[in-house]
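Okay, everyone, thanks for coming. Let me put the model up, and then I'll walk you through it.

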Amino acid sequence: MSEITLVEAVTQALAFELQADPRMVVFGQDVGANGGVFRATEGLQQRFGRERVLDTPLAENTIAGIAVGMAVQGLHPVGEFQFMGFIYPALDQILSHATRMRNRTRGRLSCPLVYRAPYGGGIHAPEHHSESTEALFAHIPGLRVVVPSSPARAYGLLLAAIRDPDPVIFLEPKRIYRTIKQQVADSGTALPLDHCFVLREGRDVTLIAWGAMLQETLSAAEQLAQEGIEAEVIDPATLKPLDIHSIIDSLEKTGRCVVIHEAARFAGMGAEIAAQIGEFAFDLLKAPVWRVTGYDTVMPYYQLEDFYLPSVTRIVAGVKEALDWDHPRSRG
Amino acid sequence: MHKPRMQLLASFDIAYLQYLDERGSPTQVLPDFATADSLCRAYRQMLLARLVDGRAVKLQRTGRLGTYPSSLGQEAIGVGIGSAMQASDVYCPYYRETGALLERGVSIEEIFAIWGGDERGQNFQRAPHDLPICVPIASQILHAAGVAFALQYQNASQPLRVAVTCAGDGATSKGDFYEAINLAGVWKLPLVVIINNNQWAISVSRNAQTAALSLAQKAIAAGIPSLQVDGNDVIAVHWAVNNGIERARRGEGPSLIEAVSYRLSDHTTADDASRYCPQSEREAAEKLEPLGRLKQYLCSQGVWSSDHQIALEEELAQVLERALRHYNHAPKDAPNALFDHLYARLPEAFYDQYDNLLNCSESHS
Ligand SMILES: Cc1ncc(C[n+]2csc(CCOP(=O)(O)OP(=O)(O)O)c2C)c(N)n1
Ligand SMILES: [Mg+2]
């Protein structure tokens, strides 16, 4: 068992399932001979043939729409969008069809499909190649939104997504496609969807982050530990539906929570998490749920992207604000 | 078996235009605009585009520029388009546009700034009505249709100002392309759409993109005229674009031009074309490239020589060095620019975030 990167784990999961399940097909722009612009489908066309690994013409609505047709006839399509920034032409098919088919036909037809897309900033890419709009997708009823943050979770969660009977959008944090290596057994074992992963235990504050932002978040937790602050770090992994119970379990210990995301702040996932904590665990809170996020601006071109992205410094500062916060009633 | 008898409803032709073949020999009498002066100028602009692209790729390799899409081999398309437009027309570019942008008055520093990760590059100082370069494939073609409508709406008397746009062969697969030419046809908009058919959309070849014999014929479905031109022949490109623009100026509506060329570079500096592009195909395409044939023609006419070439290369090297100095010494954009151009006036609701950004950027630097 050798160490593999996150993007290699994606390839490994796709290959495993292509081998195991003849219903599966993979398609998208440049996924064939080129193996995808990030090489996530490297070698798959050679191995599984042009009938199962296909380059589509350049049209995202095509990718999303044919997946619906394939899925309702019993295939397991996995469509790749080259970048999250180019999914939007396909929103109609995702929002109006893929996610509604089961409901509209009262279960007669369904869409067991996966849409994959690399997402997120920090790689000095051109315009439209760096956004994080997971909250847009989380807002769509009937969709699952899954974000892996390590090679092992990429492998296990992608397998789960492909085997899931409903549509999943699988957002791959491209900044860490190649920065972390891990041993991942190619055993075909899926990890559970709709389930948080606790990446670090701590009693003082709960930090919630996903995708690439976990790198900064774990570094911040490390730095806080030097100062005697023990942060618990949770990766929700499935952003929708959200495993709020695991988050509440953590809050039982810590009573304080900071959500960290690259995406813009307004109506971002942090807002949803904070609202659910408010609804279900208000009595556990010693401070408001804090957010450290991207700004409510357009994702800048790369010269300014480091100012936009939450840094370890910004996360540590946010955590300290959450820790220093005293309830007005307990202030003398 | 029953075979129904049918009548011919309509039939269509697709014309192909070339003036200079790959050896620089005229294939027919050249049009009037093809004077020694104008062709020497076109040659200069194509060479400048090539040098800018070459330098940009080098800058990327040394970490001073981000991902860059070179126009290598497609210089005749950009220069043919730009030289056919009036300054008052409006251009809606995509991203592989070095030749056309330079013709429109966009500076080399601005081009470098865009790919160097700085929005200020899109603030074209000398092309105030043109749209910024557009990355989401084919979306600019719809903008161009809207621009064309606005130009007509604001001044319906001829000659009209005209909207011109360019997109790749891959872009013709997108709804935006069909939607735009369809609407332009029914609304008879003053629009010219040029397709830079460089045979590749990253790794997807032209033949994997569509079963259609030509991209020009896609105009038939929209009911607008079109033609295919040798996109490596700047005279043919200029003639076709000029012809489309003149039609549009007279109020005769839109047209489509497919300019056939070849992408002689990787898709961008982030790509490796050797993974999917046969070496032999690229080598064959190199023989068709646009600069050599124009130079040969000019030499055959006695208006160009190796002395001219050396002088031009020296001049352009200086132009490039000057631009590079400006690019290298431009002060960095301020972080607050994130908010300064978000709305006409920043809503109060964002003041906290703005302050937070300023505080963080102070500790950042
Ligand atoms: C809507 C959209 N989808 C995907 C991409 C990613 N992408 C960038 S360039 C490109 C290929 C474009 O090919 P073509 O239209 O032929 O233009 P060329 O780059 O060859 O000039 C793709 C798929 C994008 N920019 N926009
Ligand atoms: Mg192309």
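So, which of the 21 residues around ligand 1 come nearest? They are Phe86(A), Ile137(B), Gly168(B), Gly170(B) and Ala201(B). Around, or near, here says that a residue's C-beta atom, placed from the backbone, lies within 6 Å of the molecule. Ligand 1 itself lies between chains A and B. The shell around ligand 1 splits into ten nonpolar, seven polar and four charged residues. For those classes, Ala, Val, Leu, Ile, Met, Phe, Trp, Tyr, Cys and Pro count as nonpolar, Asp, Glu, Lys and Arg as charged, and the others, Gly among them, as polar.

Quick housekeeping. This is a predicted model, where local features need pLDDT of at least 70 and side-chain atom pairs count only at pLDDT 80 or more, while totals for chains, interfaces and linings use all residues. Residues are numbered from 1 along each chain as its sequence is written, and chains are lettered from A and ligands numbered from 1 in the order in which they are written.

On to the contact between the chains. Chain B puts in 36 residues and chain A 29 residues; contact is C-beta atoms, placed from the backbone, within 7 Å. On the chain B side, helix H7 (206-209), H13 and H14 each supply at least two residues, and H14(B) gives the most, with six residues.

Now the domains, whose bounds come from an automatic or database domain assignment. Chain B has domain 1 (16-333) and domain 2 (334-365), with 37 Å between their C-alpha centres. Chain A has domain 1 (3-183) and domain 2 (197-326), and there the C-alpha centres lie 26 Å apart. In chain A, 26 residues of domain 1 are in contact with 23 residues of domain 2.

Staying in chain A, how do helix H3 (residues 60-72) and helix H4 (residues 91-98) pack, at what angle? The angle is about 20°, with the axes 7 Å apart. Axes are lines fitted to C-alpha atoms, for helices over the stretch in contact, and angles run from 0 to 180 degrees between N-to-C directions. H3(A) and H4(A) are therefore roughly parallel, since angles under 35 degrees count as that. Among the residues meeting there are Ala64(A) and Val68(A) from H3(A), and Ile94(A) and His97(A) from H4(A).

Most residues other than glycine have a negative phi, and most peptide bonds are trans. Lys240(A) to Pro241(A) is cis, with omega near -10°, and Pro241(A) sits in the loop between strand E12 (238-240) and helix H9 (244-254) of chain A. Gln158(B) and Pro159(B) are also joined by a cis peptide bond, omega about 0°.

As for positive phi, Arg106(A) is near 50° and Ala237(A) about 60°. Which is buried and which exposed? Arg106(A) is exposed, because it has 7 other C-beta atoms within 10 Å, whereas Ala237(A), with 25, is buried. The cut-offs are 20 or more other C-beta atoms within 10 Å for buried, 12 or fewer for exposed, and partly exposed in between, with C-beta atoms placed from the backbone.

Methods:
Two residues are in contact if their C-beta atoms, placed from the backbone, lie within 7 Å. Helices (H or I, at least four residues) and strands (E, at least two) are DSSP runs, numbered from the N terminus. Angles under 35 degrees count as roughly parallel, over 145 as roughly antiparallel, 65 to 115 as roughly perpendicular and the rest as oblique.
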